Amino acid sequence: MSANIFWKPDDKLINDFMETYVKDFDKSLGYNKWHYIKGFTKNCEYNSNEYKSDVILAKKLKDAIMTFQKQYYPRLQIKDTIKIKLSNKQTIFLYWHQGKNEMPKLQKLCYDRLLQKCSNNFNIILLDHATVKQYIDIPNFIEEAMDEKRMWLQHYVDYIRIALLEKYNAIWFDMTIFVRDDLSKVDFTSKFWSVKCKDMYANTWAKNVIPEMNKCQIYAMSGTSSCFYEYMKKLIEYHFKTFKVAYSYYMMYYIATYIYEVDNNIANQFDTLIFNNESVECFANKRTLSYLEIEKLWNNTVDTHIYKLLRFKKEDMNDDSYKVYSFMKKIYEKDMEK
């Protein structure tokens, strides 16, 4: 395994891949021109006209990727199967590639908070690169794609979460989820559960920028259905075995969109998703808040059970993400005193 795991595939590698497999691919869609465009990191309430060129680029890329998928991806017939239940309690899987001892302070805080609030009612399992193989089999070509820098670490972890949820009756949480309370009151048992309501961004410019955000997200998910996860898993395996290289940071969203368009059963699962909580990313999206504004948001979103937080960077001790981290740490410490 490469020592430097936080890499991204070379832009030329991705562009060459797209030019090879997409007829009349627009070379102006150079990967570096759209992946880091400002529109991807701005507040979702911003007016779309401000980022019109970004939205056009992203839509062109989406169309090119969907063209590729519909031409080369197989259509599978998959039925639901009974998943393995590991405990009488609901299981929550988390993953940190390097192991618990290597967690940055934000991820450590979120993990400790989950234990603080949910350890009595949930079976919480933290996995790493070694221990995850006790639960799922990871094909050699997936490991090789990661080691040979043809796959993001994010995609490797995406594969892990999909494989776990295909096999086990469980819940997946990213390591930057901070819980408000005991999650036993949350219903994770629908056919497909996604913490972000399916139409959260339906009336914002973001729906045109990040692929199909109104249909799927993958940082907190569960559900009794196995067919969606099995379909995702098989397409990820097919892609890296056949084409070798990732085509997008948001590859998993594109795959989910493809499945939605070609499988009516899975489309129906998406279409019947209830609204879960629209403020799940309120601290991540509201990036320029004062301490008092953050506190106000926390107090006004009492129906939000989990929060997806920004990363904390050690070198930016005074930036907005540190404000969020500091506020959450005080909540954690106050609850410890009870």
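**View A. Lys over Tyr: K308 and Y219.** In this predicted model, the charged end of K308 sits over the ring of Y219, 5.4 Å from its centre. A charge counts as over a ring if NZ of Lys or CZ of Arg is within 6 Å of the ring centre and within 35 degrees of the ring normal. Local features need pLDDT of at least 70, side-chain atom pairs count only at pLDDT 80 or more, and totals for chains, interfaces and linings use all residues. Residues are numbered from 1 along each chain as its sequence is written, and side-chain values use heavy atoms, without hydrogens and water.

**View B. Arg over Trp: R180 and W298.** R180 lies over the face of W298. The distance to the ring centre is 4.1 Å.

**View C. Aromatic pairs: F192 with F228.** The protein has 33 aromatic pairs (Phe, Tyr or Trp rings, the six-membered one for Trp, with centres within 6.5 Å; planes under 30 degrees apart are stacked, over 60 edge-to-face, the rest tilted). F192 and F228 pair edge-to-face, at 4.9 Å centre to centre and 80° between the planes. F192 is in the loop between β4 (177-179) and β5 (193-194), and F228 is in helix α7 (residues 227-242), 36 residues apart. Helices (H or I, at least four residues) and strands (E, at least two) are DSSP runs, numbered from the N terminus. F192 and F228 are buried (under 20% relative accessible area, 1.4 Å probe, protein chains only).

**View D. Helix to helix: Y260 with F270.** The ring centres of Y260 and F270 are 5.8 Å apart and the planes lie at 65°, so this pair is edge-to-face. Y260 belongs to helix α8 (residues 251-262), F270 to helix α9 (residues 264-271). Both Y260 and F270 are buried.

Technical notes:
Buried means under 20% relative accessible area, exposed over 50%, partly exposed in between (1.4 Å probe, protein chains only).
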